[in-house]
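Subject: Structure for your review

Dear colleague,

Here is the structure I said I would pass on. Please open it alongside this message, and read the notes below it when you have time.

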Amino acid sequence: MRVRAIVNARLPLADDGERLWAMRLDGNRIGEISPQSDWVQGDESGILDAKGRPVLPAFIDAHMHPIALGLKQVRLDLSAVRSLKELLETVKEAVAKGGWSANRWLIGYDWDESQFSDERRYPTRFDLDAVISDVPVALRRIDGHLWVVNSRALSLLDLPPDHPFVFKTAGQPNGLLADDAIRYLEPFIKPSASEKRDALKVASEIALKHGVATIADLYADFSVYETMVRDEALSVRFVCCVPPATAHELGEPLSWRLERERCEVKFVKLFLDGSIGARTAALREPYADEPKETGRLLLRDRAAEGLMLAFNEMGWSLAVHAIGDLAIDQAIEAFRFVRMEGTRWQRHRLEHLELLRPEHIGWLRKLGLVASMQPNFVARWQGKGRLYEQRLGWRRTQRMNPFASVLRAGVPLAFGSDGMPFGPLYGILGALTHPDPKERLTLREALIAYTHGAAFACQVEEQVGTLEKGKLADLVVLSHLPDETAFGKEWEQIRVEAVLVDGVLTYWQESDGGL
């Protein structure tokens, strides 16, 4: 249904009071917004009555991997597994259902050992071999920076014996492959082009259920989007960050547009380190639970500087992955180099920034960099006794993800989920309940980071992210917004009631009271 007006709406990002508002839509754009009145008369078709519910700009996930989200639905989903024993039983049951052979891989997604109730450790090939030895198995950790394979799978890989990201036990590979070593696995687990397109469609449906109408794909397969744009098959909007090789092939950012093809290709993604969960994030000090390990930088300083300068000069904006404080050091130094040596300056962004120090924040502001951060990580891993404390100790854990400090310094803040797990409402709760009270955001600040802040990071703030006349009519209607001090069940009961994309009611959930 094309909506021509929304009435009886509360606008929490435009109004601090309790008044009701009406919004006229001009085709796929927002038109006049005014206090509720009787101006809606005559033909009532196309009128959406919000019945006092909050209406917001549709959420924007500034950091996602939508194809992986979709693939998880059609491959083996391990995100709900809560013990090592359950993981192994799930794998065994999947193989028992049939269809697998010595040449057909079983691929699973999103196990998280920090959620295990029996043994909080990585599974190994020895664990997998005990339940299945004749079928190659590859299981991805939730962060995507670590996979575990069984011995059958390991025998098919041409792994260098001394590769630093091939983990070992007693001098022998234990089936765990991190970061750069994963490329030896990729030819065996890579989905087909049609599987990727189907996965993107599934991810789009999931996005709408969460109130998300724009997604930044942080390592996009350009060929998939090329086909989807040609076929006019995108139901939500995408901003693509492509790998360096794709950026070199294209030469310059692509001229697709968010309002027409529903796709932008303007960022190139670089990785400087791995993840905390995989112990591959690059740290100044060792991991608390592995004192000999500090993670690894994936690029040498000169290589990072050269790549970033080259892409900046080509007109690309950079999205640079840096989680550990050592990696953030390298990123800032490289951006300083680009600023000094370049003839132009794009709007660049840093991804994750979890171990962010005060001096880093100062440089983010001076360099005009966008902080693209994930409050979902806080909700899942940053509490007392959780993964980050195990890896880093409580001192470092408390000062991770300093959202309020970033905002107070005037650094643009954008929120995304990275699919861990997907969902803005889950992430916003993390921003409101940060372990350090000084780093907690207000509800308004968190909502803005998942709307206008994310739009700014994706360089689409002229089209989406706020409720303004002329902006694209991408809107979300929520069941309610509780007081920001009310958590637990009350927060979990928030529902996405409706989503509009281009002024069309694209997702609608009938509630007890109806819309």
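This is a predicted model: local features need pLDDT of at least 70, side-chain atom pairs count only at pLDDT 80 or more; totals for chains, interfaces and linings use all residues.

Salt bridges

A search of the whole structure turns up 32 salt bridges. In one of them, the side chains of D112 and R141 meet with an N to O distance of 3.6 Å. D112 sits in the loop between β8 (106–111) and α3 (125–129), while R141 belongs to strand β9 (residues 137–141), so this pair ties together parts that are 29 residues apart in sequence. Both D112 and R141 are buried.

Another salt bridge joins R121 and D127, with the closest N and O atoms 2.9 Å apart. What are the two partners like in terms of exposure, buried or partly exposed? R121 counts as partly exposed because its relative accessibility is 30%. D127 has a relative accessible area of 13% and is therefore buried, since the cut-off for buried is under 20%.

A further example is R336 with E333, where the closest N and O atoms are 3.0 Å apart. Both residues lie in helix α10 (residues 325–341), and they are three residues apart, about one turn of the helix. R336 is partly exposed at 29% relative accessibility, and E333 is partly exposed at 41%.

As background to these pairs, side chains of opposite charge can pair when their charged atoms come close.

The six-stranded sheet

The model has an open sheet of six strands with mixed pairing, and the strand order is β7-β8-β9-β10-β12-β11. Which strands stand at the edges? They are β7 (76–77) and β11 (166–169); each has a single partner strand, so one side of each is left without a neighbour in the sheet.

For β11, the pairing with strand β12 (residues 172–178) is antiparallel and runs over three bridges. T169 has Q172 in β12 as its bridge partner, and K168 stands opposite P173 in β12. The hairpin of β11 and β12 has two residues between the strands, and A170 takes a positive phi near 55 degrees there.

The negative patch

On the surface, a patch of negative charge gathers E445, D483, E484 and E490. Of these residues, E490 is found in helix α19 (residues 489–492). E490 has a relative accessibility of 38%, which means that E490 counts as partly exposed.

A buried strand residue

A498 lies in strand β21 (residues 496–501). Is A498 buried or exposed? A498 is buried, with a relative accessible area of 0%. The C-alpha atom of A498 is separated by 35 Å from that of G277, and these two residues are 221 residues apart along the chain.

Regards

Definitions and conventions: Residues are numbered from 1 along each chain as its sequence is written. Side-chain values use heavy atoms; hydrogens and water are left out. Patches are made of residues with over 30% relative accessible area and no salt bridge: like charges are joined within 9 Å, nonpolar side chains (Val, Leu, Ile, Met, Phe, Trp, Tyr) within 5 Å. Accessible areas come from the Shrake-Rupley method with a 1.4 Å probe; for residues, only the protein chains shown count as cover. A salt bridge is a side-chain nitrogen of Lys or Arg within 4 Å of a carboxyl oxygen of Asp or Glu. Lys and Arg count as positive and Asp and Glu as negative; His and the chain ends are not counted. The place of a charge is taken as NZ of Lys, CZ of Arg, CG of Asp or CD of Glu. Helices (H or I, at least four residues) and strands (E, at least two) are DSSP runs, numbered from the N terminus. Buried means under 20% relative accessible area, exposed over 50%, partly exposed in between (1.4 Å probe, protein chains only). Two strands pair if DSSP finds at least two bridges between them.
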